[in-house]
Each structure stands twice: as structure tokens, then as C-alpha cells.
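Hi there,

Here is the structure I promised to pass on to you. Have a look at it first, and then read my notes below.

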Amino acid sequence: MNNPRMIFGLLFAAGAGWLVYLLAPILTPFLVGALLAYLGHPLVTRFERLRLPRALAVTLVFLIFAAVIAALLIFILPAFQRQIVEFAERLPIYFDWLQRQALPWVEELTGTELVLDVATLRETLQAHWQEMGGWLKASIGYVMQSGFRLMGWLVTLVLIPVVTFYLLLDWDRLLAKLLALFPASKQSRVRALAHETDAVLGSFLRGQLSVMLALATVYASGLWIVGLDLALPIGLLAGLLSFVPYLGLLTGVTAAGIGAYIQFHDVQPLLWVLAVFGVGQLLDSLWFTPRFVGGRTGLHPVAVIFAILAGGQLFGFAGVLLALPVAAVLKVWLRHLHERYVAELPRRRRSSRRAGP
């Protein structure tokens with residue numbers, strides 16, 4: 001490697017990565033704000049096409065974000081909490097059924113005697129539930145007593161909308177200034193790379209998020225029609241995990257199947273559960289993914305899992321949020337570097353032959 005520009009680029013990238021790692025504790029509001037600004041920028045652009053001023057368009061996007069958050073707090077979270085509480089209240093009934101019917105049936109089917117003290121299991125779960133409640137109470141008290149931690153959370157919550165607003169307001173101007181940093185001969189290539197990067201990011205952020213929300217809606221609504229107590233938590237979980245192929249499906253079918261059999265004590269509801277997830281997968285294949293994501297090639301499921309775990313390990317919550325976008329961008333850039341290297345390889349070989357004896 002005797003290319004000075006390549007060496008300088010690698011050193012600069014390594015130094016920038018090390019600086020980001022050192023500043024990780026204070027980067028969360030800026031990274032989250034940049035993520036929200038990127039998600040909201042296409043909507044701002046659409047409002048601008050309607051002859052609205054930029055500031056008014058950004059304000060409207062903020063109102064839409066606020067309406068979505070308000071809907072989550074007013075409608076979804078109370079329903080989520082209510083289903084969890086109702087399920088916890090029915091746990092004694094489920095344990096009685098487990099002890100009187102399920103265990104004897106399994107013993108008769110397998111011909112083995114199962115040693116399982118359901119009463120002790122129930123008392124253990126209740127004790128751990130109380131301990132968890134005490135731990136949460138102590139944690140909340142610790143956070144409230146620690147003024148610096150509370151102040152840090154408040155500053156983060158305040159900075160996120162501020163950063164998002166200013167980034168949305170100056171998004172096009174910032175991109176133009178970044179492009180101007182490159183030499184004029186390189187700007188066309190950088191612009192093409194930026195467009196492809198935006199397409200991949202749009203697929204992973206806007207497209208995949210739309211698919212996740214659509215699947216969560218289908219799963220939760222279908223399980224609610226079936227009559228499952230935990231329809232909303234299981235449906236949301238399966239939808240949110242759908243960014244990894246088959247992980248959301250397997251998690252949802254397993255959780256909903258176990259919950260349906262424990263609740264109804266019959267095999268027929270299991271068929272309805274399978275039908276709900278089958279309809280969700282059919283809609284995903286025929287409509288959701290082609291409509292929202294398109295035909296772009298995404299990351300391999302193993303790469304998705306590794307990126308999320310690595311991001312969480314290095315940068316905490318902000319790393320989890322940005323793991324997939326960063327991985328998608330790196331994939332595009334590495335592919336461009338590989339194509340450029342392959343294209344220049346014959347020229348380098350010809351140059352070396354000419355310089356030879």
C-alpha cells in the first residue's frame with residue numbers, strides 16, 4: 001500500500017472513529033436528532049413542493065411527530081399495560097390448569113413422571129415479581145436522588161427536539177457544504193455515492209420501519225380478533241423483530257401459540273394463530289416489503305444481529321439505534337471501494353509491466 005491518499009484516508013477514518021468512541025456519552029441527543037431529521041426530511045421536502053416555507057414545513061413535521069408520540073402515550077401504552085395486568089391477574093388460573101390437566105397429560109403421553117412443584121413455582125414467580133418491583137422502585141429513587149443523572153436525562157430530552165429542528169431546517173444547506181469540501185473533480189462521484197447511500201438508508205430506516213409497524217398492526221389486530229389476552233404485546237414484539245428475517249415470525253408464533261393454548265386449553269385456537277401469522281407473512285411478501293422497501297438487497301441476518309450487538313456494546317443505546325444505518329452505509333462504501341480497486345487493477349498491472357526490465 002504505497003498510495004499516500006489512501007493511507008491518509010484510512011488514518012483519518014480511524015481517528016474519526018476513535019473520536020466518536022471517546023465522545024459517545026454526549027453524542028446520544030445529536031445522533032438521535034440526526035436520525036429523526038433524516039426520517040422527517042422527505043416529508044419536509046414534500047411540504048416545500050406545496051409552496052410552503054421551510055420553517056413552516058419543519059413545524060408541520062414536528063406536529064406530526066408529536067401527534068404520533070401522543071397517540072402512543074394515550075392509546076397504545078394504556079392498552080399494553082392493561083393486557084399485562086389482566087394476564088398477571090389470571091396467572092393463578094393458568095397455574096391450576098397446568099397442575100391439574102397439562103402435567104398429567106404430558107406424563108401420560110411420555111410415560112414419564114415429571115417432578116414439578118407448581119405451587120413452589122408460583123410462589124417463586126410472585127416473590128421475584130415483588131423483588132423486581134422493589135428493584136425498580138429503588139432504581140427510580142436512585143435516579144431521582146442523583147441530580148446529575150436526572151439533569152443529564154432532562155438535557156438529552158430537551159436537546160433531541162432542538163437538534164432535530166435545526167438539522168431539518170438546514171438539511172439541504174449542510175449537505176451542500178459537505179459536498180463542497182471535496183474537489184470539483186470528485187463531486188460527481190461523491191454525489192452518486194451519496195444518492196446510493198440515501199437509497200439504502202431509506203430502505204433500512206423508512207422502508208423497514210414501515211414494514212415493522214404494518215406487521216405489528218396486522219399481528220396485534222389478528223390476535224385480538226382471535227381473543228388472545230396478550231394480543232398487543234405479542235403483536236408488537238413480533239412486528240418489531242421482523243427486521244431480522246423469520247425472527248419476528250418464529251417469536252410471535254411461539255409466544256402466541258403458548259399463550260393461546262394456556263388460555264383456551266384447546267388446539268383449535270392454535271390454527272387461528274397460525275392463520276394470523278400466515279396472513280401477515282403473505283401481506284409482507286406481496287405488499288409490505290415490495291411497497292415500502294423495494295428490491296434493494298439488505299444486510300444478511302447474521303450481519304444485522306452482529307451490527308446491533310456491536311453497536312450496543314460500543315455506544316450503548318445510541319449504538320443500537322444507529323447500528324443498522326451505519327452497517328448499511330459501510331456495505332455501500334466497501335462495495336464502491338472494491339469496484340474501484342477491481343477497475344484500477346488492470347491499469348496497475350499494465351503500469352508495472354511497462355516499468356519492468
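Among contacts in the protein between residues at least 6 apart in sequence, what percentage join residues at least 24 apart? The figure is 67%, where contact means heavy atoms within 4.5 Å.

Before the details, a word on how to read them. This is a predicted model, in which local features need pLDDT of at least 70 and side-chain atom pairs count only at pLDDT 80 or more, while totals for chains, interfaces and linings use all residues. Residues are numbered from 1 along each chain as its sequence is written, and side-chain values use heavy atoms, with hydrogens and water left out.

**Overall picture**

The protein has 12 helices and 0 strands; these are DSSP runs numbered from the N terminus (H or I and at least four residues for helices, E and at least two for strands). Of its 357 residues, 25% are buried. I use buried for under 20% relative accessible area, exposed for over 50% and partly exposed in between (1.4 Å probe, protein chains only). The protein exposes about 24,100 Å², and 71% of that comes from carbon and sulfur atoms. Those areas come from the Shrake-Rupley method with a 1.4 Å probe, and for residues only the protein chains shown count as cover.

**The salt bridges**

A search of the whole structure gives 3 salt bridges, each defined as a side-chain nitrogen of Lys or Arg within 4 Å of a carboxyl oxygen of Asp or Glu. R54 takes part in a salt bridge with E48, with the closest N and O atoms 2.9 Å apart. R54 counts as buried because its relative accessible area is 14%, whereas E48, at 29%, is partly exposed. R54 also meets D172 in a salt bridge, at 3.5 Å from N to O. Since D172 sits in helix α7 (residues 171-180) and R54 in helix α3, this pair ties together parts that are 118 residues apart in sequence. D172 has a relative accessible area of 40%, so D172 is partly exposed.

R173 and D170 meet through their side chains in a salt bridge as well, at 3.7 Å from N to O. R173 is exposed at 53% relative accessibility, and D170 is partly exposed at 21%. Salt bridges that share partners link E48, R54 and D172 into one network.

R51 lies in the loop between α2 and α3. One for your backbone checks: R51 has a positive phi of about 70 degrees, although R51 is not a glycine. Its relative accessibility is 77%, so R51 counts as exposed.

Two packed helices are described by the angle between their axes and the distance between the axes. For α3 and helix α9 (residues 231-240), the angle is about 115 degrees and the axes are 8 Å apart. Axes here are lines fitted to C-alpha atoms, for helices over the stretch in contact, and angles run from 0 to 180 degrees between N-to-C directions. On the α3 side the contact uses I76, A79, F80, Q83 and I84, and these meet A231, L232, P233 and L236 in α9. The residues of this contact divide into 8 nonpolar, 1 polar and no charged. Ala, Val, Leu, Ile, Met, Phe, Trp, Tyr, Cys and Pro count as nonpolar, Asp, Glu, Lys and Arg as charged, and the others, Gly among them, as polar.

I76 lies in helix α3 (residues 54-89) and is partly exposed because its relative accessibility is 32%. I76 also belongs to a nonpolar surface patch of about 840 Å², together with I64, V68, I69, L72, L73, I74, F75 and L77. Patches are made of residues with over 30% relative accessible area and no salt bridge, with like charges joined within 9 Å and nonpolar side chains (Val, Leu, Ile, Met, Phe, Trp, Tyr) within 5 Å.

**Helix α12**

K331 is found in helix α12 (residues 301-355) and counts as partly exposed because its relative accessibility is 33%.

Best wishes
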